[in-house]
Amino acid sequence: MSITARVKAKRAADPNRSHSKKELAYRRRLRVEVMEALGGRCACCGETEMHFLQLDHIHGGGSQHLKRVGDWASVYRSVKEQGFPRDQFRVLCCNCNFAIGHHRFCPHEVARMVDAVLVAV
């Protein structure tokens, strides 16, 4: 049975089960490792507060990836196993990730474009 199948089976057996302290500590370390390997800061605005940072799938497909592997720890493990590919994943803060996901652009991008135009004029 694959790891993903075992995770899904455990969740199905008891969806409200809590993770042990050891498991939670492992998940935190794994998340930090992935975030730091991908730059440790928001690729758009530069935010570095780890609590605000999120993994972004550059070409979309994040929800499908999550469904396929079962949980966020498995997503982070998958990114690590792939060698932290920066052409597929990046770090964004909550605000930039939300803006790009819902509006297809981030206000920081617009501000940089306006600044570039003003400098060129």
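Visitor: Which residues of α4 are buried?
Guide: They are A73, S74, V75, Y76, R77, S78 and V79. Buried means under 20% relative accessible area, exposed over 50%, and partly exposed in between, with a 1.4 Å probe and protein chains only as cover. That makes seven of the ten residues in α4, which spans 72-81.

Visitor: And what follows α4?
Guide: G83 does, with a positive phi near 85°.

Visitor: Before I go on, what sort of model is this, and how are things numbered?
Guide: The model is predicted, so local features need pLDDT of at least 70 and side-chain atom pairs pLDDT 80 or more, while totals for chains, interfaces and linings use all residues. Residues are numbered from 1 along each chain as its sequence is written, and side-chain values use heavy atoms, leaving out hydrogens and water.

Visitor: How many helices and strands are there?
Guide: Six helices and two strands, in the order α-α-β-α-α-β-α-α from the N terminus. Helices here are DSSP runs of H or I with at least four residues, and strands are runs of E with at least two, numbered from the N terminus.

Visitor: How do β1 and β2 run, and how many bridges join them?
Guide: They run antiparallel, with five bridges between residues 53-57 of β1 and residues 89-93 of β2. Pairing takes at least two DSSP bridges. One of the bridges links Q54 with L92 in β2.

Visitor: Is β1 mostly covered or mostly open?
Guide: Mostly covered, since four of the five residues in β1 are buried.
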